[in-house]
Amino acid sequence: MEHRGLLPGLTQSWTLLALGATTLVITWLLYVRNSKRPYAGIPVLSADRNEYLQNGRGLLERGKELPSCFQVQTGTNWKIVVPNRFAQELKNNPDLSFNDAHARDSFTSYPGLEPFREILENDTFIQEVVRKKLTQSLGLITAGLVEETQLTYRDLFGESKEWKIRVIKTDVQDIIARLSSRVFLGLDLCRNQDWLNVTKNYTYSSFEAISELRSHHALARPIMQWFSKNCTQARLYYKKAQILIQPVVDLRRAQVKAEGEGSSKISDAIGWMVECARGRSIDYAAAQLSFSLAAIHLSSETMTMCLLQLCDMPELVEPLREECRKVLRENGWTKQGLQEMKLLDSFMKECQRTRDLLATSMLRFAKVPVKLSDGTVIPKGSTLMVMNDWAHSSEHFLNAEKFDMKRFAKLRERPGEHNQHLFSTPSADQMGWGFGEHACPGRFFASNEIKIALCILLLEYDFEYVPGDEPPQDVKFEIVRLASPSTRIRIRKREGDSIPV
Ligand code: HEM
């Protein structure tokens with residue numbers, strides 16, 4: 001009798017033990033499957049993913065000493081780091097996929113990250129809208145950008161001639177969010193605080209979410225994405241974007257239908273997307289947020305870096321002001337005028353060279369084995385990125401360690417090089433826009449937008465670091481450099497320079 005009573009208990013324990021063992025084996029198998037080995041034949045520089053996550057830029061500095069490619073364990077996978085000298089031969093290689101590489105690093109299948117999927121998976125829709133519509137409308141949108149910049153500055157910095165202390169990065173994010181929204185969504189939504197909050201907060205929470213996911217093991221990600229604060233916020237802002245965008249899309253669709261394609265007098269991204277959709281099923285809220293992702297994050301970092309440079313070297317301010325004044329007097333806010341701001345263009349490019357946001361460029365996935373000219377074979381299924389270190393090398397730039405605002409303006413004075421060395425021109429020795437077929441299509445817009453914002457700030461305001469504050473330190477992780485989020489400046493309205501609109 002006693003034995004009979006024990007049996008069910010024993011069977012239960014054995015079942016639990018078997019279940020536990022099976023779970024352990026499955027977890028171990030998944031772990032092994034997800035912890036891929038390094039690729040054969042390419043030197044391993046670091047197998048410690050934390051080293052990459054915390055100090056990827058320092059790691060790459062060490063790798064520069066090696067004669068050719070090397071590999072590092074990153075948050076997501078092994079990546080092959082290719083020296084800068086191979087950028088030219090890889091730039092248009094059809095066997096290297098931009099989309100596959102970024103999709104693997106950005107977790108595009110997770111809910112809330114649909115805008116990343118929209119850039120990467122919906123054929124080349126966003127790229128087409130940017131190349132064919134945005135870039136070709138630059139002339140039409142300048143006046144709107146000038147007006148919006150002045151209004152935004154008035155709202156943020158006011159009209160007082162007394163110094164006002166501001167946190168620079170937050171203000172620049174507000175400026176760029178508003179300017180970009182004016183172009184992407186038009187007057188209806190660009191001053192709508194709900195939309196501005198959604199567009200800014202989605203951008204930041206989604207990038208944070210991706211960074212956080214990368215820092216966890218692949219096995220943990222599918223679960224943690226449901227609990228992580230950043231992922232939850234990305235889902236929430238994406239939902240809010242859908243609610244705000246859909247009525248505008250419906251209205252614009254009806255207009256395009258009534259007036260015919262190309263006839264829209266309203267020049268903004270919703271109209272362009274409706275025209276470019278041509279029967280494709282588009283998630284407009286995701287597409288709109290994908291513009292914000294591309295436009296807000298990197299443009300505001302770039303503009304912040306320019307302002308920090310001006311605070312570091314206040315002697316640069318007056319010559320730039322003088323150029324802006326002269327050009328606007330002679331050309332007004334025309335395409336010609338923006339092109340004539342050569343010193344400002346050169347200054348922006350020098351900032352991008354010296355304060356690079358990304359230490360590597362051209363993240364690509366190899367669809368087949370790719371052989372480099374030195375015989376190295378990039379294996380099928382691997383991800384590569386190209387080092388962006390020529391930008392800091394004295395072999396490529398005279399006195400590379402020195403900030404020379406006139407550097408690129410002087411290069412443009414050489415015979416036949418007048419239209420080269422522009423801020424918006426990607427090149428192998430400065431890959432801030434990427435390089436080759438996938439080089440950033442938004443660079444012409446970003447260049448105009450930042451130029452307009454800087455020019456008006458220079459003419460209308462004085463600004464400098466807050467006296468007594470510590471010099472700001474950039475934030476560095478993986479291969480990224482970002483401006484410190486806490487840096488303060490003081491700013492006041494200047495007497496005098498009137499800006500034509
Ligand atoms: C200063 C601001 C910006 C910087 C520094 C920047 C930088 C970049 C970089 C490095 C890439 C990858 C290129 C490669 O791997 O070869 C890229 C791609 C891209 N950028 Fe930008 N970008 C900026 C602003 C913008 C803006 C304003 C837009 C849209 C309006 C935009 C749209 C895109 C798109 C759609 C791609 C993907 C290109 C493709 O799939 O071929 N970017 N950008």
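**Entry 1, a pair of strands.** I began with Ser 361, which stands opposite Val 386 in E9. I kept in mind that this is a predicted model: local features need pLDDT of at least 70, side-chain atom pairs count only at pLDDT 80 or more, and totals for chains, interfaces and linings use all residues. Residues are numbered from 1 along each chain as its sequence is written. Helices (H or I, at least four residues) and strands (E, at least two) are DSSP runs, numbered from the N terminus.

I then looked up the strands around that spot. E6 (residues 360-366) and E9 (residues 383-387) pair in the antiparallel sense over four bridges; two strands pair if DSSP finds at least two bridges between them. Arg 364 has Leu 384 in E9 as its bridge partner. E4 and E6 are also antiparallel, over two bridges, and there Leu 96 stands opposite Ala 366 in E6.

**Entry 2, the whole sheet.** I found six strands in an open sheet of mixed pairing, in the order E1-E2-E3-E9-E6-E4. The edge strands, each pairing on one side only, are E1 (44-46) and E4 (96-97). Helix H2 (residues 49-63) packs on the sheet and touches E1, E2 (70-73), E3 (78-82), E6 and E9; contact is C-beta atoms, placed from the backbone, within 7 Å. The direction of H2 makes about 120° with that of E1. Axes are lines fitted to C-alpha atoms, for helices over the stretch in contact, with angles from 0 to 180 degrees between N-to-C directions.

I also checked how covered E6 is: seven of its seven residues are buried. Buried means 20 or more other C-beta atoms within 10 Å of the residue's own, with C-beta atoms placed from the backbone.

In the largest nonpolar core, of 86 residues, Ala 269, Met 273, Ala 453 and Leu 454 touch the most other members. Such a core is a set of buried Ala, Val, Leu, Ile, Met, Phe, Trp, Tyr and Cys residues joined through C-beta atoms within 7 Å. H14 brings the largest share, 16 residues.

Conventions:
Two residues are in contact if their C-beta atoms, placed from the backbone, lie within 7 Å. A residue is buried if 20 or more other C-beta atoms lie within 10 Å of its own, exposed if 12 or fewer, and partly exposed in between; C-beta atoms are placed from the backbone.
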